[in-house]
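User: I would like to learn how to read a few features of a structure, one at a time. Please give the general idea and then the case at hand.

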Amino acid sequence: MTTPQLLPLADVTACCEPLTHESITAENALRLSKVLKVIADPARLRLISMIAAQEKAEACACDLTEPLGLGQPTVSHHLKILVEAGILAREKRGSWAYFSLVPGALDSLAALLTSNELAGATR
C-alpha cells in the first residue's frame, strides 16, 4: 500500500478570498426567516399579488376566494397570517374586511435581502 504524497505547505493556496464581512446576525436571520416563511406559501404570494394588482391596491376578502380557488375559511387564515406579519393591513367596513399592502413592507424585505442590514454589520 502506498502512502499519499502530501504537498509542501508552501504549495497550498487558499481556494477563495478570505471572509471580510460579517455574516447575517442570529437576530436578523430569525426575523428574516419568519417573514420568508409567511410569504413562501403559494396562496399567500397570490393574495399579495392579487391585492397589489387592484386599482387602489386593496381588495375585499369576499372578492379573493373565487379567483384563488380556495374556501373562505382558508383565505381568511392566509390573510390573517399576512396581517400578523405586517405585510397586509386590514380595515373593517360594515360586515366586510378590506385588505391592502402595508406601504413599504415588501420594500423593507427587499432592502433587508440586498443591503448591509442583512449582515447587521457596522462598517
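User: Which helix and which strand each supply at least two residues of the lining of the largest pocket?

Analyst: A lining can be read by the elements its residues come from. In this predicted model, helix H4 (72-84) and strand S3 (96-101) each supply at least two residues of that lining. The largest share, four residues, comes from H4. The lining includes Gln72, Val75, Ser76 and Leu79, together with Trp96, Ala97 and Phe99. Cys62 and Arg90 also line the largest pocket, which has a volume of about 160 Å³.

User: Where do these elements sit in the overall pattern of the protein chain?

Analyst: The protein chain has five helices and three strands. Along the sequence they follow α-α-β-α-α-β-β-α. Of its 123 residues, 24% count as buried. Among contacts between residues at least 6 apart in sequence, 56% join residues at least 24 apart.

User: How many salt bridges does the structure hold, and how should I read them?

Analyst: Look at the atom distance, then at where the partners lie. The structure holds three salt bridges. Glu58 pairs with Arg93, the closest N and O atoms being 2.9 Å apart. This pair links distant parts of the chain, with Glu58 in strand S1 and Arg93 in strand S2 (residues 88-93), 35 residues apart. Glu58 is partly exposed at 24% relative accessible area, and Arg93 is partly exposed at 31%.

User: What separates Lys80 and Glu84 along helix H4?

Analyst: About one helical turn, because Lys80 and Glu84 are four residues apart in helix H4. Their side chains meet in a salt bridge of 3.9 Å, N to O; the cut-off is 4 Å. Glu84 counts as exposed, at 59% relative accessibility.

User: What is the nearest side chain of opposite charge to Arg44, and how far away is it?

Analyst: For a charged residue, check both burial and the charges around it. Arg44 lies in helix H2 (residues 42-52) and is buried, yet has no salt bridge. Asp41 is the nearest side chain of opposite charge, 4.5 Å away. A salt bridge needs the nitrogen and oxygen within 4 Å. Leaving aside residues up to four places away in sequence, Arg44 touches Lys37, Val38, His77, His78, Ile81 and Leu82.

User: How many disulfides does the structure hold?

Analyst: A disulfide is a covalent bond between the sulfur atoms of two cysteines. The structure holds zero disulfides. As for individual cysteines, Cys60 is buried, with a relative accessible area of 2%, whereas Cys62 counts as partly exposed at 34%.

User: Which residue has a positive phi although it is not a glycine?

Analyst: Most residues other than glycine have a negative phi. Here Ala57 has a positive phi of about 55°. Ala57 sits in the loop between H2 and strand S1 (58-60) and is partly exposed, with a relative accessible area of 27%.

Note on methods
Residues numbered from 1 in each chain as written. Predicted model: local features only at pLDDT ≥ 70, side-chain atom pairs only at ≥ 80, totals over all residues. Heavy atoms only, no water. Buried < 20%, exposed > 50% of the residue type's maximum accessible area, 1.4 Å probe, protein only. Lys, Arg positive; Asp, Glu negative; His and termini not counted. Contact = heavy atoms within 4.5 Å. Disulfide = S-S within 2.5 Å. 1 Å grid on protein atoms, 1.4 Å probe; cavity = no way out; pocket = protein on both sides within 12 Å on 5 of 7 lines; lining within 4 Å. Points joined across faces, edges and corners; volume = space filled by probe spheres on them.
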